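Visitor: I have a model open and would like to learn how to read it. Please take me through it feature by feature.

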Amino acid sequence: MNSLDDFVQRHDFPCWCGETKGRVFCRQLFGRRPFVVWRCAACGTHRLLPRALAEATGAAELYNNYAIPRPTPQQEHTLENIALARMHRVGFAFRPGQRVLDVGCGDGLLLEAICRAHGCTGRGIDVDERRIRHAREHRPHAQFECGLFDPSQTAGPHDVIIACAVLEHVLDPVGFLRALAAGLAAGGSIYLLVPNAASLNYRILRSWWRELLSIGEHIHLFTPKSLGRCAAAAGLHVAEFDTDHDIGWPTIEFDSPRNALVAVWACWRECVKRICWLAHRRGHGDLLFARLVAPLHAADTTRDL
Ligand SMILES: [Zn+2]
């Protein structure tokens, strides 16, 4: 048996759809963190082997253990505008008094922006203690709790539930979406943002699509189609989706041979990203975001996935 078969056999786990069969999409079997990305034969979701820690203790340890970037106020302002514009693109419009729950809120940047600009009532939950501490100190328009998501926390009802960059960390995405759906008010919507496994950039860079593969953290990567299937399995419907690119020049340092090599590599990757951005077609961006509703409230604007 070759090392690839051996690796897959040792680390494989069923896809959220129950399928175990698939094929290798990309791999890197050398270095400190060997990994294989396995594309599900049934639904097209990518799963990352070995599987990241998803249990409460493991996740709390994992997400409290890396450096947090602290953007400047100007950078925060830009990030807020980008995040709000994405929500508007998939049909979100906020009204004063709406109840917004943000699961995996990070340091609360988006939730604070929504509550401050639109007079909504916001509650944010995140497993990272340091980010929640920062949110409590700097985001006065919303409330923040620290902990791993628990379905009882969705008790609402909520007009909007946000889960940005969360679904790809969850072992049971259908159960997670069901729990979110249970917390929705009539006519409410869920906003999801995940890495896009149908991204053109990913198809070119493969195992070097590192920021969004996030080896050791992500479990499943969705395409627009597989996200639609996952939502349907949870009794939800993708009313609208879009994709976007995550462009930004990396920090470049040439002060040592190692840093110079990293800088050249980062510039090459950034060039690929920008070419993909220029050649953009709907569905090909690096980040996939969507508005999910309960079928009863499905909008007329539903698009085919
Ligand atoms: Zn699957």
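Guide: What follows goes from confidence to the metal site, then to salt bridges, strands and a helix.

Guide: This is a predicted model, in which local features need pLDDT of at least 70 and side-chain atom pairs count only at pLDDT 80 or more, while totals for chains, interfaces and linings use all residues. Residues are numbered from 1 along each chain as its sequence is written, and side-chain values use heavy atoms, with hydrogens and water left out.

Visitor: What is the mean pLDDT of the protein chain?

Guide: pLDDT is the predictor's confidence in each residue, from 0 to 100. Here the mean for the protein chain is 88, and 91% of its residues reach 70 or more.

Visitor: Over which residues does pLDDT stay under 50?

Guide: Where pLDDT is low, the predicted coordinates should not be read in detail. The stretch under 50 is residues 298–305. For these residues the model has 19 contacts beyond four places in sequence, a contact being heavy atoms within 4.5 Å.

Visitor: Which residues coordinate the zinc ion?

Guide: Donors are N, O and S atoms within 2.8 Å of the metal (3.2 Å for Na, K and Ca); water is not among the atoms, so sites may look incomplete. The zinc ion is held by the SG atoms of Cys-15, Cys-17, Cys-40 and Cys-43, at 2.3 Å. Along the chain these donors follow the spacing C-x1-C-x22-C-x2-C. Cys-15, in the loop between α1 (3–11) and β1 (22–28), and Cys-43, in the loop between β2 (35–40) and β3 (46–49), link distant parts of the chain, 28 residues apart. Helices (H or I, at least four residues) and strands (E, at least two) are DSSP runs, numbered from the N terminus.

Visitor: Are Cys-15 and Cys-43 buried or exposed?

Guide: Buried means under 20% relative accessible area, exposed over 50%, and partly exposed in between (1.4 Å probe, protein chains only). Both Cys-15 and Cys-43 are buried.

Visitor: Why is the arrangement around the zinc ion called tetrahedral?

Guide: Ideal angles at a metal are 109.5 degrees for four tetrahedral donors. Four donors count as tetrahedral if all angles lie between 85 and 135 degrees. The four donor atoms here subtend angles of 103 to 118°, so the arrangement is tetrahedral.

Visitor: How many salt bridges does the count come to?

Guide: Side chains of opposite charge can pair when their charged atoms come close. The rule asks for a side-chain nitrogen of Lys or Arg within 4 Å of a carboxyl oxygen of Asp or Glu. By this rule the count is 15 salt bridges.

Visitor: Which residue meets Arg-10 in a salt bridge?

Guide: An α-helix has 3.6 residues a turn, so residues three or four places apart point the same way. Arg-10 pairs with Asp-6 at 3.5 Å, N to O. The two are four residues apart in helix α1, separated by about one helical turn. Arg-10 counts as exposed at 55% relative accessibility, whereas Asp-6 is partly exposed at 32%.

Visitor: Where do Arg-99 and Asp-159 lie?

Guide: Arg-99 forms a salt bridge with Asp-159, with 3.1 Å between the closest N and O atoms. Arg-99 is in strand β4 and Asp-159 in strand β7, so the pair ties together parts 60 residues apart in sequence. Arg-99 is partly exposed, at 35% relative accessible area; Asp-159 is buried, at 16%.

Visitor: In what order do the four strands of the open sheet stand?

Guide: Strands of a sheet pair through backbone hydrogen bonds, either parallel or antiparallel. Two strands pair if DSSP finds at least two bridges between them. The order is β1-β2-β3-β9, with antiparallel pairing. β1 and β9 stand at the edges with a single partner strand each, so one side of each is left without a neighbour in the sheet. β3 and β9 pair over two bridges, and His-46 has Leu-221 in β9 as its bridge partner.

Visitor: Which residues cover the two faces of β11?

Guide: Leu-287, Phe-289, Arg-291 and Val-293 are on one side, and Leu-288, Ala-290 and Leu-292 on the other; all are buried.

Visitor: What covers the buried residues of α6?

Guide: The buried residues of helix α6 (residues 173–182) are Pro-173, Val-174, Phe-176, Leu-177, Ala-179 and Leu-180. Their cover includes β4 (99–103), β8 (184–195), α9 (224–233) and β11 (287–293).

Terms used
Tetrahedral: all angles 85-135°; square planar, octahedral: opposite > 155°, others 65-115°.
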